[in-house]
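Please read the following note with the sequence and the structure at hand. The points are numbered so that each may be checked separately.

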Amino acid sequence: MNMLPKYFPHLTEEQQVQFSKLEDLYTAWNAKINVISRKDIESLYERHILHSLGIAKVQEFKPGAHILDVGTGGGFPGIPLAILFPETQFYLVDVIAKKIKVVNEVAKALGLKNVKAAQRRAGTFEDRFDFVVSRAVTNMPDFVQWVRKNIAKKSIHELPNGILYLKGGDLTEELAPFPKAVTYALSDYFEETFFETKKVVYLPLKYKV
């Protein structure tokens with residue numbers, strides 16, 4: 001928890017309280033429904049919460065924006081981002097019902113009014129969003145096919161609407177079909193060794209009728 005104010009010094013008291021509750025909430029739920037690996041739960045703030053917030057270093061979401069989190073699992077990156085941007089609306093989807101149960105219970109316990117979650121498969125609904133976020137649920141070509149129809153037409157951010165994707169390793173081959181993709185190294189923002197190979201991939205996507 002101590003690493004969050006270091007990188008996000010303008011957290012309100014309420015946000016600090018909400019972030020501080022995450023460890024107990026996820027530890028308790030993980031004992032019932034395994035949504036985070038046993039070893040990772042001990043590094044929750046670094047490997048899940050701070051990692052999720054890496055997206056905010058690339059783009060701060062504006063009030064009234066709508067963000068889709070595909071393959072959210074137990075709520076990452078959606079829940080940490082929803083705490084950080086309380087006036088932005090987040091829609092978290094996953095195909096596994098028990099994971100969505102955890103998301104809903106965590107959001108309820110934190111009093112997050114800007115989070116909706118549902119058991120849904122990407123590509124099966126028509127809702128439009130400013131950005132689609134995710135943590136490495138599949139390769140980029142497949143992911144683009146899943147979500148390209150969910151991009152809103154009007155852009156209100158510094159970056160045009162599109163995908164903000166957390167991924168690690170060498171992405172040269174995977175991103176070759178997408179010359180407009182921009183990669184941001186999280187090691188430029190966070191000093192922990194965990195982030196040495198971690199990246200945010202931004203890919204602008206045009207509205208598709």
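1. The second largest pocket is lined by Tyr7, Phe8, Pro9, His10, Leu11, Gln15, Ala56, Lys57, Glu60, Leu84, Phe85 and Pro86. A pocket here is an open set of points on a 1 Å grid over the protein atoms alone, where a 1.4 Å probe fits, with protein on both sides within 12 Å along at least five of seven lines; lining residues have an atom within 4 Å of a point. The volume of this second largest pocket is about 260 Å³, a volume being the space filled by probe spheres set on the points. Its lining divides into eight nonpolar, two polar and two charged residues. Ala, Val, Leu, Ile, Met, Phe, Trp, Tyr, Cys and Pro count as nonpolar, Asp, Glu, Lys and Arg as charged, and the others, Gly among them, as polar.

2. The model is predicted: local features need pLDDT of at least 70 and side-chain atom pairs pLDDT 80 or more, while totals for chains, interfaces and linings use all residues. Residues are numbered from 1 along each chain as its sequence is written, and side-chain values use heavy atoms, with hydrogens and water left out.

3. The largest pocket holds about 370 Å³ of space. It is lined by 22 residues, of which Gly71, Thr72, Gly73, Asp94 and Val137 are the closest to its centre. By class, this lining has 10 nonpolar, six polar and six charged residues.

4. Helix α2 (residues 13-32) packs against helix α3 (residues 44-58) at an angle of about 130°, with the axes 11 Å apart. Axes are lines fitted to C-alpha atoms, over the stretch in contact for helices, and angles run from 0 to 180 degrees between N-to-C directions. Helices are DSSP runs (H or I, at least four residues), as are strands (E, at least two).

5. In α2, Phe19, Ser20, Lys21, Leu22, Glu23 and Tyr26 meet Leu44, Tyr45, Ile49 and Leu53 of α3, contact meaning heavy atoms within 4.5 Å. The residues of this contact comprise seven nonpolar, one polar and two charged.

6. The axes of α2 and helix α5 (residues 97-110) come within 10 Å and cross at roughly 145°. Gln18, Lys21, Leu22, Leu25, Tyr26 and Trp29 in α2 meet Lys101, Val102, Glu105, Val106, Ala109 and Leu110 in α5.

7. Pro77, in the loop between β1 (66-70) and α4 (78-84), is joined to Phe76 by a cis peptide bond with omega about 10°. Ala136, in the loop between β4 (131-135) and α6 (140-147), has a positive phi of about 45° although it is not a glycine.
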